[in-house]
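Hello,

Please have it open while you read.

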Amino acid sequence: MASHIHAAAAGDLPLTGMHDLRLRPRLLRRVLAECLPLPDPAADLQPTRSPADLARALSAVREQGLLAVEGAADPGLLEEWSAAVDAWVDRLVALLASDREHSCWVGTSFLGLTFEECSEDRFANSYFFWFEKIMKKIKVPSSNKMVSIATCTAMASLFMRLAKFSNLKDEATLLAQKVVQPLLRLLDKDGSVAEKATDLLGLIMKLFPSSVYRHFNKVESIIAAKIMSGYTGFELMPLISPGSKPPPLSGGQTTYGDWNFHSAKKFCTFAVPTISALIHCCSMMLTTSYPIQVNIPVPAVVTFIQRVLLTDVTFHKSSLVQQDTPSCHLSFSEILELHSSFLDFLGAIIKGMRSSLLPHAGSVVMLITEYFKGAKLPAVRRKLYTIVRLLMSSMGVGRLVDTPHSALLLKAISHDFPCCF
């Protein structure tokens, strides 16, 4: 039955581009297969995933909205996408229950990410089940510090998302009451676990203050002790896995029988993070003040951004998209990540130059308009809207309307956000 549904949803129609929503469930399953460990280490060729694999999974889920299940009207696609998210959640819950520290840490961390990124309907239907799973880890904390820290972080993510549901305020307060007592025991520990538990307690006090009334005196004394000890707040955690060091990369072993897969793998592992880091540095430089005037080659930079953003590998006849291979999925995922970085770069140019960008506004508006035509993901369209709003505030609505292609752009944007125009 599942295979029949998948075939019906996917159909025989060719993909319309890398923004095609039919790619979302396929990419999610690809990320699940390649980046996350299996619950049974004996069945997993690489039971400890590398930081690069985990970072790729994190970026793909956040940047491409793989868990959101939104924007699709086709019932078959919705069912296929929901099934992919089901498989994702089932894997994380199984990993969370694992006795292996690395697996437990991965499952807990990515379940916290799921709380943030999943659709409203899924969260509303699943939050209590997820709460019970995380609560078990708080009641019986792991001996591994990073697992305990991930547990507190995941619970914080759950409560932050839960606070957005006004109809669930009473239920959320009752759940918060259950957390306070075992959380106070974690505060007696030393080091980073106690600090992260303190962060969680502070969040609960802020979102659901009535949940701590019963333990007010003890909470007050612990907070006072933390202040006297010089505790300053949140601690930054590096992206490393607990336990032993991850194994080296498998070096050219053929997994799918597709030579192009290895090229795509190298591209997403080495090239994309490097390019994204460089573009981030450029964005920081553009939005940082300097004591002297700095000239920016705007036409060349805008042309550079345009060449990246208006490149869609699915429109090249020689593209492997027609074969729907694993290398194609990797290419789609990583190019979309690059697009996200370059959209941030475009926003930094607008923010840094403001009205000085006016002579080049026509090129910028044309670029945004063209990219908006192909952008289907709600997260991407929201980012484009933010850029347009920044463009308007920098140069003025009147000046922007006088530029070429402005009517088409404003019409496209107002379709998504009619209340703003």
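Arg 214 is placed in the loop between helix H9 (192-207) and helix H10 (216-228); helices (H or I, at least four residues) and strands (E, at least two) are DSSP runs, numbered from the N terminus. At 71% relative accessibility, Arg 214 counts as exposed, where buried means under 20% relative accessible area, exposed over 50%, and partly exposed in between (1.4 Å probe, protein chains only). Gln 181 lies 33 residues from Arg 214 in sequence, and the two are 9.5 Å apart in space, C-alpha to C-alpha.

A word on the source: this is a predicted model, in which local features need pLDDT of at least 70 and side-chain atom pairs count only at pLDDT 80 or more, while totals for chains, interfaces and linings use all residues. Residues are numbered from 1 along each chain as its sequence is written, and side-chain values use heavy atoms, with hydrogens and water left out.

Now the chain as a whole. The protein chain has 17 helices and 0 strands, and 49% of its 421 residues count as buried. Among contacts (heavy atoms within 4.5 Å) in the protein chain with a separation of 6 or more, 74% are between residues 24 or more positions apart.

Next, the interior. A nonpolar core here is a set of buried Ala, Val, Leu, Ile, Met, Phe, Trp, Tyr and Cys residues joined through side-chain atoms within 4.5 Å. The largest one has 103 residues, of which Trp 88, Phe 159, Val 179 and Leu 200 touch the most other members. Helix H7 (residues 145-162) gives the most to this core, namely 11 residues. Leaving aside neighbours within four places in sequence, Leu 200 is in contact with Ile 138, Cys 152, Met 155, Ala 156, Phe 159, Val 179 and Leu 183.

The aromatic rings come next. Rings of Phe, Tyr and Trp (its six-membered ring) pair if their centres lie within 6.5 Å, and planes under 30 degrees apart count as stacked, over 60 as edge-to-face and the rest as tilted. That rule gives 9 aromatic pairs. Phe 123 and Phe 165 are stacked, because their ring centres are 5.5 Å apart and their planes are at 20°. This pair links distant parts of the chain, with Phe 123 in helix H6 (residues 120-139) and Phe 165 in the loop between H7 and helix H8 (169-186), 42 residues apart. Phe 123 is buried at 0% relative accessible area, and Phe 165 is buried at 12%.

The rings of Phe 131 and Phe 159 are edge-to-face, since their centres are 6.3 Å apart and their planes are at 70°. Here helix H6 holds Phe 131 and helix H7 holds Phe 159, 28 residues apart; both residues are buried. Ring pairs also join Phe 115, Phe 123, Tyr 127, Trp 130 and Phe 165 into a cluster. Over the ring of Phe 123 sits the charged end of Arg 161, 5.2 Å from the ring centre (the rule is NZ of Lys or CZ of Arg within 6 Å of the ring centre and within 35 degrees of the ring normal).

How many disulfides does the structure hold? The count is 0, a disulfide being a pair of cysteine sulfur atoms within 2.5 Å.

Best wishes
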